[in-house]
Protein chains: 2
Amino acid sequence: MRVILLLILTISISYTYSQDSLLLKPQVANSINELQDFVAIPNDALNANDIQRNLFWLKEKFTQRGFNTAELETENHPLFFATLPMEEGKPTVLIYMHFDGQSVDPGKWNQASPYKTVLKQPIENDFETIPLETLKDSIDYNWRLFGRSTSDDKGPIVMLLNAFDLLKKEGKTLPFNIKVILDGEEEKSSKPLPAAVKEYRELLEADFLLIADGPVHSSAKPTVVYGCRGITTLSLTTYGPVKPQHSGHYGNYAPNPGFQLAQLLASMKDTEGRVTIKGYYDGITISEAEQNILKSVPDSNQAIAEKLQFKSAEKVGSFYQEALQYPSLNIRGLGSGWIGKEARTIVPASATAELDLRLVPESDGNRLKKLVKSHITNQGYHILDHAPTKEERLTHTKIVTVLEGSVTDAFRTDLDNEYGDFLVNTMKQAFNEDVVQIRIMGGTVPIAPFINELQIPAFIVPMVNPDNNQHSPNENLKIGQLAYGIKAFYALLSTTPN
Amino acid sequence: MRVILLLILTISISYTYSQDSLLLKPQVANSINELQDFVAIPNDALNANDIQRNLFWLKEKFTQRGFNTAELETENHPLFFATLPMEEGKPTVLIYMHFDGQSVDPGKWNQASPYKTVLKQPIENDFETIPLETLKDSIDYNWRLFGRSTSDDKGPIVMLLNAFDLLKKEGKTLPFNIKVILDGEEEKSSKPLPAAVKEYRELLEADFLLIADGPVHSSAKPTVVYGCRGITTLSLTTYGPVKPQHSGHYGNYAPNPGFQLAQLLASMKDTEGRVTIKGYYDGITISEAEQNILKSVPDSNQAIAEKLQFKSAEKVGSFYQEALQYPSLNIRGLGSGWIGKEARTIVPASATAELDLRLVPESDGNRLKKLVKSHITNQGYHILDHAPTKEERLTHTKIVTVLEGSVTDAFRTDLDNEYGDFLVNTMKQAFNEDVVQIRIMGGTVPIAPFINELQIPAFIVPMVNPDNNQHSPNENLKIGQLAYGIKAFYALLSTTPN
């Protein structure tokens, strides 16, 4: 059985390849037109009307491809849900993408409107606009489409739609049941998602979750991501005199909140960046097999150092991918008094450090926050959850106000999951290239609670170029990535998992 | 000789006291009118025309009192100089005050104009305006005159003028030669003063310098100040990635500049606020006699702690006055990334600490800065005087940019100086109260270079109330302090030093 399936697989893949110019290219042309239409509908989740117009467009496009569609009501915007008729005995894949985009600041874009797609070709270190009509004569995979959500995340939705066209043209029988869930407020943290998954659990039931969001690895190779770090935050404030004081009159008499804060922070890490708080890295083990996969990621630590311009990285891991397997403790902000030209000769009244803690599945956010707080207490500080009253100030020598942020958990699917193997092998054969396997990404995705709630294996299969200016002005999608995504979805949805 | 002089002294003082209501009170009434006129002339040193109008007023007023006056040209505004005919054999006192005032923000004052004096009487925790005409019927020493420079420093100039009226009315022979130098840009740092003293050294020659600026001790007792701390500054900047990076992607990989800075700062002081940099306190000794004078200052450490709302002061000295005998190391500002609602999940590109170092005569500012820099080098940092280039970033693991501020030296006259004894004893007898002797004030005065250049004993004899809102909106002078100042100048200038 397995042998026969592999044979079919091989034929299917090689067929696609040989037809690349004949079938894929016209499909890419179609997807460019469709993406322009889609981008033309503004999609800021702050505007419910924008979201409604996008939902309308999606309903039409998925219906054309034979899907049944529904709007799933949530506490805010509805989710878009589409499914092909279900067949018993086939595994079900749930595909997650989002159609909302980051808010735009049109003045910062090098084009008339972020919602009016512009075609550009690369010139040395920059891009130059060329007429969209040029596409009628020829399509160059290095050209790019500039516009909000071309990459994040309307492009991948269009890739999926066009993959279905191709599958249909070729009369493919799909080995999967397909469910598609499209989020209308991912860029605004997808707050309604966890409650929605509880409500629509039966509808969303699947064997695995495929998330087509974010860029491929910086090497531009096919990529499968197995997890994302979570996040929580802490804000620490130490206190000097109740109001800023003249540094002549009270310097080296009134307590200095900056020195207190510096001593507190300095005690949390060694000079090479490793957290010294007891238990912070507890529970993290990396097997040899996992270590080998981490090492196989084609990062260049040298290139990162060169790009970010530092000589030595912190020593939490011995290389970049290894560092990401551990929770971080990052000072994202410091403030006390004034700096630069604003500096004035005062003993400031307080000093604040903003910390973020990126989490891995082994490091529960609430546990880590508790460890940090115990550590602070052990340094002789009295912890408050509010600014101290006069009485508290006069009672305790060292006071710190600790404000805790909410916790977004990490998620991580085992590297040896069978659907993970299926994704990696299929992509490898489709593109005839090694697939980059990322055990856990450094960043945090707002759908992590949704993933954890579903309790099914989840994978991010990114479709877009790494240099797409996601979240920024001049967001763009390389046309070659449209072809890549159509081909990736085509391969993934037409290949039978073994 | 000495016995006879002491006898005269005693008579003179007791006479003044008995005449307080007969002669002093009308003089206070006159001084109120004169101060209103003077305050009515705006005196922001940013406006040369203001300064000229004040110089004109001063010339008229000092000429009326028999002074010869001159404008001493400097690289900016002229200094006002006045002297009474010199007599051989008498010691010479040089009196320094300033007639410019801090810039005003009229909207922040509780009166129509900061230059139009308003009379107010105290009511619980506040003041209430009363008509100026009220003064024709009676004068209450608790009433206050509100206006720019009523205290800082036009009030004391008017006190001096009126003290001369009183001395004249009583036909006193002055045991001193008197020179008066009035600064027109003290609030703008008196930049031309050091060069001016070099140019006019002969004219300014004197046996001692008396500075009538600033408020009396917070106990409101008569005060003589023997010195002021100096100041210099350092700005330290540490570096992370060349641009802020996503804290998910690069947290615990890219170096965090906040932790570096915290570790650097934490290494400079112990947890009780004592500087641990080698040699920082070198050369400072306090004799038993000096220690007794420090202890005699009626500070309430408890009251300071209560007012500034902290439980424990730093431990550089065991009490407030002792702490001031040492140089300080103060973090006046910290900045990195953003804090509070602006906080964002980044690894910041840099972190900056602004330090100020208050100096005492034993701690040369350049020596201290060198010690701090050696300490930084010993922590493994490469010091730059500029933001690092890419090459420097890739060459050194730990980089700190150190920017050095200029040095304003401290000044301090010996506590056992004979003119100091004269001032203290005369004030003690004039007011029948112990005189607070401040060995060194915490703050820095811009005339310190001038004092050090003159190389004569210098004393600050403050005349105004401690709660005068100097430098702030609603600056004021207690009318009782006008009487105090006239009496103080009267006693000091009519008493023969023994």
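This passage describes the interface between two chains and then several local features of the fold.

The structure is a predicted model, in which local features need pLDDT of at least 70, side-chain atom pairs count only at pLDDT 80 or more, and totals for chains, interfaces and linings use all residues. Residues are numbered from 1 along each chain as its sequence is written, chains are lettered from A and ligands numbered from 1 in the order in which they are written, and side-chain values use heavy atoms, with hydrogens and water left out.

The interface was examined by contact, meaning heavy atoms within 4.5 Å. In these terms, 79 residues of chain A are in contact with 80 residues of chain B. The two chains bury about 6900 Å² between them. Buried area here is the accessible area (1.4 Å probe) that two parts lose on being put together, summed over both. Carbon and sulfur atoms account for 58% of the total. Three residues, B:N252, B:Y253 and B:F259, supply 13% of the area that chain B buries against chain A, more than any other three residues.

A salt bridge is a side-chain nitrogen of Lys or Arg within 4 Å of a carboxyl oxygen of Asp or Glu. Two salt bridges were found between chain B and chain A. One joins the side chains of B:E306 and A:K390, at 3.6 Å from N to O. Side chains of opposite charge can pair when their charged atoms come close. Polar contacts were counted as pairs of N or O atoms within 3.5 Å; within protein, one atom must be able to donate a hydrogen and the other to accept it, and residues adjacent in sequence count only if both atoms are side-chain atoms. There are 47 residue pairs in polar contact across the interface, with both residues at pLDDT 80 or more.

Helices (H or I, at least four residues) and strands (E, at least two) are DSSP runs, numbered from the N terminus. Strand β13 of chain B, residues 330-337, gives eight residues to the side of chain B that touches chain A, the most of any element. Strands pair if DSSP finds at least two bridges between them. Strand β13 of chain A, also residues 330-337, is joined to β13(B) by five bridges, and the two run antiparallel. Within this pairing, A:L334 has B:S336 as its bridge partner.

Further strand pairing occurs inside chain A. A:L119 stands opposite A:I130 in β5(A). The two strands form a hairpin with two residues between them, and A:N125 in the turn has a positive phi of about 60°.

In chain A, one joins A:D152 and A:D153, with omega about 15°. A:D153 lies in the loop between β6 and α5 (154-169). In chain B, the bond from B:D152 to B:D153 is cis, with omega near 20°. The place of B:D153 is in the loop between β6 (144-146) and α5 (154-169) of chain B.

Over all chains, 42 salt bridges were counted. In one of them, A:K269 pairs with A:E314, with the closest N and O atoms 3.4 Å apart. This pair links distant parts of the chain, 45 residues apart.
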